[in-house]
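Notebook open, new chain on the screen.

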Amino acid sequence: MTDRTLKPCPFCGYEAYIQPSGDPYEYGRIICSGCHASTLRYPTIEQMEDAWNMRVETACAIEDPASTGYQSPSWGRWSNE
């Protein structure tokens, strides 16, 4: 095992655990103990940990979405145009 630790689940914040695989060509996957989100199966534990611990730095780069001129679609509304 490595000395690295797993970050909490990015979706619910619960702890994650490693589920080993019985396949000799892949190590296993990491699964959240709360919402059961998981990584794909990877051949090494380092690849699994890197995939699980990867986070997006910023969720939205636009400070004021209204300033873009984007208008949300009017779902379910009929137009005579």
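This is a predicted model: local features need pLDDT of at least 70, side-chain atom pairs count only at pLDDT 80 or more; totals for chains, interfaces and linings use all residues.

Before reading off a pattern I need the terms: helices are DSSP runs of H or I with at least four residues, strands are E runs of at least two, and both are numbered from the N terminus.

Entry, fold. I counted 1 helix and 2 strands in the chain. Going along the sequence, I get β-β-α. The strands are S1 at 16-20 and S2 at 28-32, and helix H1 covers 45-53.

Entry, surface. I looked up how much of the chain is buried: 16% of its 81 residues. The accessible surface came out at about 6,900 Å², and carbon and sulfur atoms hold 53% of that.

Entry, contacts. I took the contacts with a separation of 6 or more and asked what share joins residues 24 or more positions apart. That share is 29%.

Entry, charged pairs. How many salt bridges does the count come to? I got 1. The partners are Glu26 and Arg41, whose side chains meet at 3.7 Å, N to O. I then checked where they sit: Glu26 is in the loop between S1 and S2, while Arg41 is in the loop between S2 and H1. They are 15 residues apart, so I noted the pair as a link between distant parts of the chain.

Entry, cover on that pair. Are these two buried or partly exposed? Buried needs under 20% relative accessible area. Glu26 has 23% relative accessibility, so it goes down as partly exposed. Arg41 has 40%, so I logged Arg41 as partly exposed too.

How values were computed:
Residues are numbered from 1 along each chain as its sequence is written. Side-chain values use heavy atoms; hydrogens and water are left out. Buried means under 20% relative accessible area, exposed over 50%, partly exposed in between (1.4 Å probe, protein chains only). Contact means heavy atoms within 4.5 Å. Accessible areas come from the Shrake-Rupley method with a 1.4 Å probe; for residues, only the protein chains shown count as cover. A salt bridge is a side-chain nitrogen of Lys or Arg within 4 Å of a carboxyl oxygen of Asp or Glu.
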